[in-house]
Amino acid sequence: MLPTFSIFIPVYRESDLLRPLLERLLNDPYKKKEIFVVIDEPTEKSLSVVKEFSDRVYFICNGERRGKASVLNELATKSHGEILLFLDSDCRIDEESKSFLQRIAEEIEDADIVEMKKKIIRDSFVARIVSYDYLSFNLTSLFFSHKLKRCLGLNGAAFAIRREAFDKLGGFRFVILEDVDLATRAFMKDLRYKFLKDVSISTKAPSSWKKWFEQRKRWGIGSALWLKEYLHDIVRIVKEHPGVLLPSLLMIFPSLPFFLFTVFVPDDLYIKGLYIFMLVLSTQTSLLLPPTAFTSTSIAFMKNLFFMIGSLGAYSAFFYIVARKIGFVFNPAEFIIFYVVYSPLWLLIIIASIVKVYAGIKNVDLNWKV
């Protein structure tokens, strides 16, 4: 007997993609489904969608922002499905996923949590750069799924979970990164995880760099709080699975090797290597090229430049191959911006957030309801 889906879509104010998302779900040939949409602070545009679909979709409209975790937990208790499917309102089910619900029902037979591949709708310069971030997220989730059949974190924009697993975890907790927190608790309870690289969801990126920064500041604080809460568990998991955790960290933060190299590799070690290289070069050119010809500033600059070029080349080749395999767009110029500017900025936000959390700084304005 086919399981019933309970589908949950939280909305803050409004979403341009809510109407097509509901149409796609209602037109899906899978019959056993119920759809819940909860809208905090609805606009006139949202209310028009409510009016249009109210005979086929269960809507709840809140006059104030109650927060995602709160409303989803409440709706889960009112639903009847064996499979709970959570979708963000700014998602689009890609046309390649024609049997979307049927496919999820098949894949979750031997899993507790199923996550779909996330793409970014490349409709702006910001979105095109952010898409490489999502490429690394997808790759990391696929790596965990393949190696451990569990995952420490997930992107809550689109995933399904068995009701018994959701109940076992006690639902979402009231934290900033409620989806990552749910996945971490599922990992520690040995719940089975599966990543579907050929079932695709596209989602909107922040519309400007200002909004991107606000989002990442929130994610950064959420990540730091998550790290502080689960630090001992994460250290234990790293010791148990270093071949999965450490490569995943390098995939999520491509600028991390350059940062570690710059901070921890001493200049004198580099100078010795440069000296040996120039002696070898001198034997080929009959010209002595001692490293003393360089100032300390130029030596440090060349060290960092050479490592950055080498690291950029390696990451570019790696991301190009992965993008081809899982159906992502890869543009070398965009990737250079991602690697040189975007990734270091995101890493700095994370580091600054960790410092704030561990320093006990409480006055952090996140503009976020948990």
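These legends walk you through several close-up views of one predicted model.

Local features in this predicted model need pLDDT of at least 70 and side-chain atom pairs count only at pLDDT 80 or more, while totals for chains, interfaces and linings use all residues. Residues are numbered from 1 along each chain as its sequence is written, and side-chain values use heavy atoms, with hydrogens and water left out.

**View 1. The whole chain, to get your bearings.** The chain holds 13 helices and 8 strands; these are DSSP runs numbered from the N terminus, with helices (H or I) of at least four residues and strands (E) of at least two. Of its 370 residues, 51% count as buried, where buried means under 20% relative accessible area, exposed over 50%, and partly exposed in between (1.4 Å probe, protein chains only). Carbon and sulfur atoms account for 62% of an accessible surface of about 18200 Å², computed by the Shrake-Rupley method with a 1.4 Å probe, where for residues only the protein chains shown count as cover.

**View 2. The largest nonpolar core.** Here you meet a core of 41 residues, in which Val130, Leu135, Phe319, Phe335, Phe338 and Trp346 have the most contacts. A nonpolar core is a set of buried Ala, Val, Leu, Ile, Met, Phe, Trp, Tyr and Cys residues joined through side-chain atoms within 4.5 Å. Helices H5 (125-147), H8 (209-240), H10 (256-264), H12 and H13 each supply at least two residues of this core, and H13 gives the most, with 9 residues. A second, separate core has 36 residues, including Phe53, Ile83, Cys91 and Ala157. In soluble globular proteins, nonpolar side chains tend to be buried together.

View 3. Contact means heavy atoms within 4.5 Å. Not counting residues up to four places away in sequence, valine 130 touches Ile120, Ala205, Trp212, Arg216 and Tyr342. Serine 316 sits in helix H12 (residues 296-326) and counts as buried at 18% relative accessibility. Leaving aside neighbours within four places in sequence, serine 316 is in contact with Phe330 and Phe335.

**View 4. A nonpolar patch on the surface.** Phe125, Trp209, Ile336, Ile337, Val340 and Val341 form this patch, with about 490 Å² of accessible area together. Patches are made of residues with over 30% relative accessible area and no salt bridge, with like charges joined within 9 Å and nonpolar side chains (Val, Leu, Ile, Met, Phe, Trp, Tyr) within 5 Å. Helix H13 (residues 332-358) brings the largest share, 4 residues. Valine 340 lies in H13 and is partly exposed, at 35% relative accessible area.

View 5. A salt bridge is a side-chain nitrogen of Lys or Arg within 4 Å of a carboxyl oxygen of Asp or Glu. Glutamate 107 and arginine 103 meet in one (2.9 Å, N to O), and being 4 residues apart in helix H4 (residues 100-107), they are separated by about one helical turn. Glutamate 107 is buried, at 17% relative accessible area, whereas arginine 103 is partly exposed, at 22%.

**View 6. A salt bridge between two loops.** Aspartate 112 and arginine 192 pair through their side chains (3.3 Å, N to O). Aspartate 112 lies in the loop between H4 and strand S6 (113-120) and arginine 192 in the loop between helix H7 (178-188) and strand S8 (193-203), so the pair ties together parts that are 80 residues apart in sequence. Aspartate 112 counts as buried at 11% relative accessibility, while arginine 192 is partly exposed, with 36% relative accessible area.
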